[in-house]
Amino acid sequence: MTQRKSNEGKVLDAVIRRIEERDGVKRADMRDPEAEMHPSPVDQVSTFGGVLHAFEHTEIEPFPDYIETRKHNAELLGPIPAALADLAKPDECFQLLVPITASVGLKRSDHDGVRAALVVWVRKEAPGVEPRPYGSRVTAREAQPPGVPFPVRLTRYRPAMAMGGRFDFVQVAPGGGDAPRVERIARACEKKYRKLAAWKAEEGARSIIVFEDNDMILTNEQLIADALVKAEASRSDCPDEAYVVATYVVP
């Protein structure tokens with residue numbers, strides 16, 4: 001079998017188990033078309049009650065290179081909450097809102113300096129930010145601190161439940177609405193749908209596209225569905241079924 005990338009194998013298995021439960025039949029004759037060097041190498045083929053099903057899997061990004069950008073952002077910003085853990089009182093929380101693209105173009109050798117500059121700025125500005133009840137109009141300090149190549153926003157609030165004393169950073173989306181997500185899904189459709197359509201036309205297979213959502217910050221199933229409707233609007237080769245499988249929650 002071909003080595004699976006990311007969570008592909010687990011995601012496809014989850015969808016297959018869902019079909020087994022829904023249709024009351026078990027998978028059979030599992031095939032790996034890529035290993036077979038099939039001219040239309042979808043990710044998985046199987047039969048259910050004698051009906052051939054062809055599966056394609058793809059990860060969803062809200063904008064190009066998002067998955068890799070998020071990893072770099074975590075390297076840059078991950079240590080900051082610990083460095084500011086003593087800032088909030090037991091009955092309040094601080095949040096630092098940072099662009100999801102903060103680390104783009106930033107060398108890893110510069111991370112320590114940028115983090116230090118952020119910590120200095122937050123400690124300087126935090127006393128002047130008025131704490132407000134959670135859910136009310138939030139006061140904030142917005143600036144591009146010295147030594148930091150991106151703008152940030154510092155908020156302070158009193159949580160509704162007993163979960164105070166925390167400092168967190170929150171990654172916020174760039175502008176552009178849903179256009180980058182629609183573009184990304186449209187590219188995935190162009191790459192995946194042709195292979196699925198070939199299996200449907202030549203083998204009589206039921207075609208299934210599976211979207212993996214591993215982002216709980218900027219993406220959810222409704223945003224994916226809305227973008228997919230736009231991406232498919234001009235296509236005539238849409239698959240028979242589409243699934244979204246979230247992989248950002250570890251059981």
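Buried means under 20% relative accessible area, exposed over 50%, and partly exposed in between (1.4 Å probe, protein chains only). This is a predicted model, in which local features need pLDDT of at least 70, side-chain atom pairs count only at pLDDT 80 or more, and totals for chains, interfaces and linings use all residues. Residues are numbered from 1 along each chain as its sequence is written, and side-chain values use heavy atoms, with hydrogens and water left out. Helices (H or I, at least four residues) and strands (E, at least two) are DSSP runs, numbered from the N terminus.

**Helix H4**

- Helix H4 covers residues 111–125, and its 15 residues should span 21 Å at 1.5 Å a residue. The expected span is 1.5 Å times one less than the number of residues. The end C-alpha atoms of H4 are 21 Å apart, which agrees.
- Buried residues of H4 are His-111, Val-114, Arg-115, Ala-117, Leu-118, Val-119, Trp-121, Val-122 and Glu-125.
- These buried residues pack against two helices, H2 (66–77) and H3 (80–83). They also pack against strands S4 (93–99), S6 (140–143), S7 (152–158) and S8 (166–172). Contact here means heavy atoms within 4.5 Å.

**Helix H2**

- Helix H2 has 12 residues. From first C-alpha to last it reaches 16 Å, close to the 16 Å expected at 1.5 Å a residue.
- Tyr-66, Ile-67, Thr-69, Asn-73, Leu-76 and Leu-77 are buried in H2.
- The cover over the buried residues of H2 includes strand S3 (51–59), H3, S4, H4 and S8.

**Nonpolar cores**

- A nonpolar core is a set of buried Ala, Val, Leu, Ile, Met, Phe, Trp, Tyr and Cys residues joined through side-chain atoms within 4.5 Å.
- The largest such core has 24 residues. Leu-96, Leu-118, Val-122, Phe-150, Leu-154 and Phe-167 touch the most other members.
- H2, S4, H4 and S7 each give two or more residues to this core. H4 provides the largest share, six residues.
- In soluble globular proteins, nonpolar side chains tend to be buried together.

**Positive phi outside glycine**

- Asp-29 is not a glycine, yet it has a positive phi of about 55 degrees. Asp-29 sits in strand S1 (residues 27–31). It is exposed, with a relative accessible area of 57%.
- Met-37 is not a glycine either, and has a positive phi of about 60 degrees. Met-37 lies in the loop between S1 and strand S2 (44–48). It is exposed, at 74% relative accessible area.
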